[in-house]
Amino acid sequence: MRSKHRLGKFAWRTSFMAIAAVLALSACGGKPQAEPVESPEVQSPVQPPVEDVKEPAAPAPYRAPLTGLAVEAPVTQRPLAVMINNAPAARPQSGLSQADIVYEVLAEGGITRLIGIFQSQEGIEQIGPIRSIRPYLIRLGESYGGVLVHAGGSPEAYSIIQKQGKQDLDEIGNAGAFFWRSKDRKAPHNLYSSDEKLRQAVTKMGYDQQVQVPQYSFLTEEPAGGTSGTNGTEGTNSTDGTPSSGGTADGTEGSTQQDGTTNSGTPSGDVAENKSNAEQSSASANSAGNAGQPADAGNAGSEAGSQTEAAGEAAGKVDITFLLNSYVVSYEYDEATSTYKRSINGSPHVDLNNNEQLEAANVIVLGADHKVLDDIGRLAVDVETGGEAMLFQRGEVIRGQWVRAANDAIRFVKDGAEVALVPGTTYFNIVPNSPSFESHVSITNP
């Protein structure tokens, strides 16, 4: 028994020593087991943000004939010449910010009337308030081939419309269903229409859709201070590319002067020379269709030799007094938009449709002879003969003259050549020649 005990004890010792030897061998340089190695993190390559690179938009292929602005499709609709009330109770008016051209001229009692020429823009939900018409307003509206839009008129104006068969839309005559009165204002300062309704009326009345529409020459660059050529042809063109026949807007050869004599239509001196040049350029460009005038026409109009870009003097602001010292219209240049912002008596003149201040790329002030006709104060305004004028554009004023050839609109010329306009809306402001043209205009640089 003792020997078995010793043998068991020996086996236990042997086993223990074997385990110890293994441990010692590991500590003294025996081949250790490899430690687990962390595999490096595999990161996907960082991709830079992909920019949404858009191809530059192709320029619009056409230009509107009365603004020179690029448009996607030819402008073919006939202009609407809308008589717009400018009495204090009629302000702010609606739709003027979407007119291509706006005229301002005296009516009675020192109050002015506005004529909005609407052609290139659509969807004008409210235009007005709309008021009555006068003979010189007929001539101005028809000089753009416009359908005359009004509510009533002076006896002389009605006589012209009826005897000469003018194409008009009269709220109290032939087209009342296409107008409405707003409940927000008192009559007569609350009569409105829209371009859609007025064009429906033109169709219903069977009026001409293809008419003679003048086209101005425009600078190819809009920003102030740039030098450029002109784009598009100038002259009087037809919406279908075919010149239309016609006489003067009132159907007469000439115009009536303040003394009641008839003018042959040829002014004297420099004005006659300038007007002759305008007639020649109008005739030379008359065969092109303005509605489809391509936007890249470049200097095509300069072939007539009657367009120019004239240097001017700094003119940051112009104040215009038509007649009453209590009524002053101001245009102040905004470099950010390259336009003149319009104000009346120091307050911004806004469009009620969008509450935006009215602005003009070009402001033309021109002098015309005015004559009081009756005790009511109705006027005769000579919008045919031509005379002194100033053109404000790109923060500068250019001094020149205005001319009007037969069957054409009023144009601004300097040294016998028409001055190209900045693309955008143009405001024409007609002031009396007495006591002097200059007395109605004050230029400052704020």
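In this predicted model, Glu 438 is partly exposed, with a relative accessible area of 40%. Its side chain meets that of Arg 399 in a salt bridge, 3.4 Å from N to O. Glu 438 sits in the loop between strand 32 (426–432) and strand 33 (441–444), while Arg 399 belongs to strand 29 (residues 396–403), so the pair ties together parts that are 39 residues apart in sequence. Arg 399 is also partly exposed, at 34% relative accessible area.

A search of the whole structure finds 13 salt bridges. One of them joins Arg 139 and Glu 384, with the closest N and O atoms 3.4 Å apart. Arg 139 lies in helix 2 and Glu 384 in the loop between strand 27 (379–381) and strand 28 (387–393), so this contact ties together parts that are 245 residues apart in sequence. Both partners are buried. Arg 139 has a relative accessible area of 13%, and Glu 384 has one of 10%. The pair belongs to a network of salt bridges that links Arg 139, Glu 384 and Arg 404. Lys 317 and Asp 319 form a further salt bridge, with a closest N to O distance of 4.0 Å. Here Lys 317 is partly exposed at 24% relative accessibility, whereas Asp 319 counts as buried at 19%.

Helix 2 (residues 135–142) is largely enclosed by the rest of the structure, because seven of its eight residues are buried. The buried residues are Pro 135, Tyr 136, Leu 137, Ile 138, Arg 139, Leu 140 and Gly 141. Ala 81 is buried, at 0% relative accessibility.

The second largest pocket holds about 410 Å³ of space. It is lined by 26 residues, and those closest to its centre are Leu 69, Ser 97, Glu 359, Gly 424 and Thr 425. Strand 23 (356–357) and strand 24 (359–360) each supply at least two lining residues. By class, the lining has 11 nonpolar, 11 polar and four charged residues.

Overall, the protein chain has five helices and 33 strands. Of its 446 residues, 52% are buried. Among contacts between residues at least 6 apart in sequence, 66% join residues at least 24 apart. The accessible surface comes to about 21,500 Å², and carbon and sulfur atoms account for 52% of it.

Terms used. Residues are numbered from 1 along each chain as its sequence is written. This is a predicted model: local features need pLDDT of at least 70, side-chain atom pairs count only at pLDDT 80 or more; totals for chains, interfaces and linings use all residues. Side-chain values use heavy atoms; hydrogens and water are left out. Buried means under 20% relative accessible area, exposed over 50%, partly exposed in between (1.4 Å probe, protein chains only). On a 1 Å grid over the protein atoms alone, a cavity is a set of points where a 1.4 Å probe fits but cannot get out, and a pocket is an open set with protein on both sides within 12 Å along at least five of seven lines; lining residues have an atom within 4 Å of a point. Grid points are joined across faces, edges and corners, and a volume is the space filled by probe spheres set on the points. Helices (H or I, at least four residues) and strands (E, at least two) are DSSP runs, numbered from the N terminus. Ala, Val, Leu, Ile, Met, Phe, Trp, Tyr, Cys and Pro count as nonpolar, Asp, Glu, Lys and Arg as charged, and the others, Gly among them, as polar. Contact means heavy atoms within 4.5 Å. Accessible areas come from the Shrake-Rupley method with a 1.4 Å probe; for residues, only the protein chains shown count as cover.
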